[in-house]
Amino acid sequence: MSGRSVRLKSVPVQSLSELERARLQEVAFYQLQQDCDLGCQITIPKDGQKRKKSLRKKLDSLGKEKNRDKEFIPQAFGMPLSQVIANDRAYKLKQDSQREEQKDVSDFVAFLLPFGTKRQNKELSSSNSSLSSTSETPNESTSPNTPEPAPRARRRGAMSVDSITDLDDNQSRLLEALQLSLPAEAQSKKEKARDKKLSLNPIYRQVPRLVDSCCQHLEKHGLQTVGIFRVGSSKKRVRQLREEFDRGIDVVLDEEHSIHDVAALLKEFLRDMPDPLLTRELYTPFINTLLLEPDEQLSTLQLLIYLLPPCNCDTLHRLLQFLSTVAGHAEDSTDKDGQEITGNKMTSLNLATIFGPNLLHKQKSTDKEFSVQSSARAEESTAIIAVVQKMIENYEALFMVPPDLQNEVLISLLETDPDVVDYLLRRKASQSS
């Protein structure tokens, strides 16, 4: 170790490297077992990709729907979250590849065009000809073989690994760990044969494009819509949107799409997930946080969120961020000109009442079960709503990692990978400065 001193500060969990997030999961699990008396067994959730039976049932039921086309496999609805994100990424890579091919053709045409112009306009002066050839493609290389730097949007990690030149050749563990992380995707046999290696870069933000698109659309067009998520939608239009996302079509939601249709689509996606966003394994621990003292509830919720798979954690953050924004526009207000703005009336309690049962449940409930509400079920529903409401109201704090937990993560890494810790400390020091 270099002996440097680095003052740690709270950081968003998404800014941690893949390796740190994996170790944070272990540290949080240990703290929950040692320090939090939740009165139940706690297990680290699986990523959900192995639940083949529930997925099979989903596909079978989908195939039986009347007037439905059975020639495609769903890309979004009823799929494990990690698979949805893998499908999104595969589609994006395909799009990027097509764009690159189109750009190569355009560059090649732009490269040849000046020569054709010169042949057809031999009477022009050499200066005019020169001007023509240089003005065809401003700010672009005229050679089709000149590689361009990859656009920033396509870089997988939020931070680049700038200190790799400072490393010794014998630090193979670190060099191997510097590979960029990918969301869960179908691995090749070669990848399966070797151990999983975790990146020292932050994980690619794992939020399904359907969730992100719906949230963005509703943030832009629906914050002043009274009763958003409660007013009925067009089943036909929602089904059409659902099919388009399921077929992997690049759906662009704009002002022509009904607020209530998009709101219903988002609810359907969360409702149809084979495993709820907060996972079945953590259902009882999340509910039992209500048994703790108020000052302990938030820190325990935070530790439970750290146990979630990264795709669940990132998607939950995006959703809670959106719901918090909706709740912030619940009350009537006035703009800078003194004009009254009608609130949407959707408080955090109202939103938790609607979204809670979709985010946190032990098992899928049938309509028959809902028709007879037992007192125990009513109490469970109240607890679910209370937990989700607390998450909506405190989402910013819940997804921050305090210095003491970061320190525990680094100490844990120090036992196995001291060279990695030295690199991480250098990066943290450069970021804080």
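**Figure 1. Burial and overall make-up of the protein chain.** Buried residues account for 42% of the 433 residues in the protein chain. Buried means under 20% relative accessible area, exposed means over 50%, and partly exposed lies in between (1.4 Å probe, protein chains only). The model is predicted: local features need pLDDT of at least 70, side-chain atom pairs count only at pLDDT 80 or more, and totals for chains, interfaces and linings use all residues. Residues are numbered from 1 along each chain as its sequence is written, and side-chain values use heavy atoms, with hydrogens and water left out. The protein chain holds 18 helices and 4 strands. These are DSSP runs numbered from the N terminus: helices are H or I with at least four residues, strands are E with at least two. Contact means heavy atoms within 4.5 Å. Of the contacts between residues at least 6 apart in sequence, 78% join residues at least 24 apart. The protein chain exposes about 24400 Å², and carbon and sulfur atoms supply 49% of that area. Areas come from the Shrake-Rupley method with a 1.4 Å probe; for residues, only the protein chains shown count as cover.

**Figure 2. The aromatic pair of phenylalanine 77 and phenylalanine 269.** Rings of Phe, Tyr and Trp (its six-membered ring) pair if their centres lie within 6.5 Å; planes under 30 degrees apart count as stacked, over 60 as edge-to-face and the rest as tilted. The count by this rule is 3 aromatic pairs. Phenylalanine 77 sits in the loop between helix H2 (52-64) and helix H3 (81-120), phenylalanine 269 in helix H9, and the two are 192 residues apart. Phenylalanine 77 is buried at 3% relative accessible area. Phenylalanine 269 is buried too, at 1%.

**Figure 3. The aromatic cluster of Phe229, Phe322 and Phe355.** These three residues form one cluster. The ring centres of phenylalanine 229 and phenylalanine 355 are 4.9 Å apart and their planes stand at 80°, so this pair is edge-to-face. Phenylalanine 229 lies in the loop between helix H7 (209-221) and helix H8 (235-246), and phenylalanine 355 in helix H13, so the pair ties together parts 126 residues apart in sequence. Both residues are buried.

**Figure 4. Positive phi at threonine 279 and lysine 345.** Neither residue is glycine. Threonine 279 has phi near 65°. Its place is the loop between helix H9 (259-271) and helix H10 (283-288). Threonine 279 is buried, with 1% relative accessible area. Lysine 345 has phi near 70°. Lysine 345 lies in the loop between strand E3 (340-341) and helix H13 (348-359). Lysine 345 is partly exposed, at 40%.
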